[in-house]
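Me: Please take a close look at one local part of this model. Then set that part in the context of the whole.

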Amino acid sequence: MATVINTNLASLYAQNNLSNAQNNLANSVQRLSSGLRINSAKDDAAGLAISQFMQNQINGVNQSRRNLNDATNLIQTADTSLGTIQDMLLRIKTLTTQGYDGSLSASQRTQIVDEINELNTEINATAARTKFNRNNLISSTVSASITTGGTNIGTSSTTGSINSVSANTMALGTFTLAGSSGNLTASSIITSTYAGAVTSTTYSQTLALTDYAGTAAGVKTINFDQIGLSLNITATSIATATLLSTDLNGKVITTTGGTVPDLYFQGGSDTSTPNMVVYDAINMRTDTTSGGFQAMNDLGGQINLLNSYTTSTAQATWANAFSTMGTFVDAALDVVSEQRSNMGALQNRISYINQNLEAYSTNLQSSRSAITDTDFAAETAKLTKGQIMQQAATAMLAQANQMPNIVLSLLK
């Protein structure tokens with residue numbers, strides 16, 4: 001190597017090595033302080049892409065486990081209600097057998113029917129109230145709408161309007177509103193025909209309503225809680241009592257039954273078919289609403305038939321009706337048992353899915369950790385090496401910077 005003073009190659013080499021040592025030391029400090037081997041894309045571009053996709057899967061799997069926990073709770077809610085319905089069906093079975101007792105009088109048979117009616121009402125009520133986050137589980141949905149009289153209140157739409165009508169009722173038909181002197185009545189007579197017999201049930205509730213205060217406008221809820229109807233009314237500066245006697249009178253609300261939507265739960269990191277768990281929603285009501293089981297509808301129809309009988313009905317007719325009803329109860333019990341069996345099987349399936357997802361998530365996190373997390377044993381060794389190399393490079397740089405001084409000795 002030539003002896004020169006303009007270019008100190010030894011110093012340049014030492015500077016480069018010192019820069020590399022400082023960069024390596026800085027990387028080690030960053031990894032040890034953050035706990036991550038990959039702190040930015042430059043650390044490992046391919047590894048970053050792989051790890052982020054793994055994190056995407058991990059997030060999906062972990063949320064799916066929470067989804068399935070909700071599914072388990074939902075199914076348990078439905079199963080508990082089905083157990084209650086099953087108990088009531090067993091009691092109805094006892095009553096139908098008792099009704100076949102020839103020693104009973106006609107009035108005693110009607111008293112048996114009274115209890116059967118109460119149990120049937122509660123079967124439908126249990127089905128209607130069994131919800132999870134407002135989702136019907138074992139009952140069809142019911143909707144309501146104004147079918148006569150329109151939604152306007154007063155002589156113009158500026159006076160007020162009925163902005164929504166909701167229903168949570170077992171009665172499907174038409175309800176007429178009658179208002180006077182601050183009272184509002186909703187009533188309906190709903191008939192049904194089964195085996196040639198026509199039965200009628202009266203639903204009615206009267207509410208005493210208060211006026212709006214002064215000229216205040218806003219939304220007032222009128223809730224017929226006993227029959228399951230609710231109206232939200234937006235009014236201006238007009239008293240409620242006045243409105244009811246000039247405006248809501250004669251309006252007709254129609255309630256209709258709908259289908260029960262199935263509920264879907266994602267049991268994996270994506271929505272592919274193998275990852276989807278479906279709760280098959282059912283309708284256990286006995287009032288022939290849409291989507292119900294034939295066995296439950298037959299039971300409800302037979303109960304309505306018994307309601308058409310009187311103390312003058314022949315004993316043989318009573319006996320035949322109770323016998324037929326006993327058969328329908330057996331079929332209804334089979335339906336409930338089958339549905340509870342399906343729910344139990346689905347819960348067991350979900351349990352296995354959760355076990356698999358837990359192991360899946362653990363393995364994914366282990367793999368991602370191997371890519372992204374700092375190996376402290378190896379990195380502390382690199383840190384020590386980096387510190388030594390930085391000190392050595394600094395010392396060599398100092399010596400290299402003194403090397404051109406040898407030229408002075410040649411000039412003496």
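**The loop and its surroundings**

Reply: Arg134 has its place in the loop between strand 1 and strand 2; helices (H or I, at least four residues) and strands (E, at least two) are DSSP runs, numbered from the N terminus. This is a predicted model, in which local features need pLDDT of at least 70 and side-chain atom pairs count only at pLDDT 80 or more, while totals for chains, interfaces and linings use all residues. Residues are numbered from 1 along each chain as its sequence is written, and side-chain values use heavy atoms, with hydrogens and water left out.

The loop joins strand 1 (131-132) to strand 2 (135-136), and Asn133 lies in it. The backbone of Arg134 has a phi near 70°, a positive value in a residue other than glycine. Asn133 has a positive phi as well, near 50°, and it is likewise not a glycine. Most residues other than glycine have a negative phi. With a relative accessible area of 79%, Arg134 is exposed, and Asn133 counts as exposed at 66% (buried means under 20% relative accessible area, exposed over 50%, partly exposed in between, with a 1.4 Å probe and protein chains only).

Gln98 belongs to helix 2 (residues 45-99) and, at 38% relative accessibility, counts as partly exposed. Leaving aside neighbours within four places in sequence, Gln98 is in contact (heavy atoms within 4.5 Å) with Leu104 and Ile112. The C-alpha atom of Gln98 is 8.8 Å from that of Arg109, 11 residues away along the chain.

Leu89 is found in helix 2 and counts as buried, at 0% relative accessibility. Its contacts, apart from neighbours within four places in sequence, are Ile123, Leu299, Val329, Ala332, Leu333 and Val336. Between the C-alpha atoms of Leu89 and Phe322, which are 233 residues apart along the chain, the separation is 14 Å.

Ala400 sits in helix 7 (residues 376-402) and is buried, with a relative accessible area of 4%. Not counting residues up to four places away in sequence, Ala400 touches Asn8, Ala10 and Ser11.

The pockets come next. On a 1 Å grid over the protein atoms alone, a cavity is a set of points where a 1.4 Å probe fits but cannot get out, whereas a pocket is an open set with protein on both sides within 12 Å along at least five of seven lines; lining residues have an atom within 4 Å of a point. The largest pocket has a volume of about 680 Å³ (grid points are joined across faces, edges and corners, and the volume is the space filled by probe spheres set on the points). Its lining has 27 residues, of which Asn120, Thr201, Tyr203, Asp287 and Asn304 are the closest to the centre. Helix 3 (106-129), strand 6 (183-194), strand 7 (197-208) and helix 5 (294-307) are the elements that give two or more residues to this lining. Helix 5 gives the most, with seven residues. By class, the lining of the largest pocket holds seven nonpolar, 17 polar and three charged residues (Ala, Val, Leu, Ile, Met, Phe, Trp, Tyr, Cys and Pro count as nonpolar, Asp, Glu, Lys and Arg as charged, and the others, Gly among them, as polar).

The second largest pocket has a volume of about 270 Å³. Among the residues that line it are Ala125, Ala128, Arg129, Tyr203 and Asp225. Helix 3 supplies the largest share of this lining, three residues. Six nonpolar, four polar and two charged residues make up the lining of the second largest pocket.

The C-alpha trace spans about 145 × 60 × 25 Å along its principal axes. Of the 412 residues, 41% count as buried. Among contacts with a separation of 6 or more, 69% come from residues 24 or more positions apart. The accessible surface is about 21400 Å², and carbon and sulfur atoms hold 50% of it (Shrake-Rupley method with a 1.4 Å probe; for residues, only the protein chains shown count as cover).
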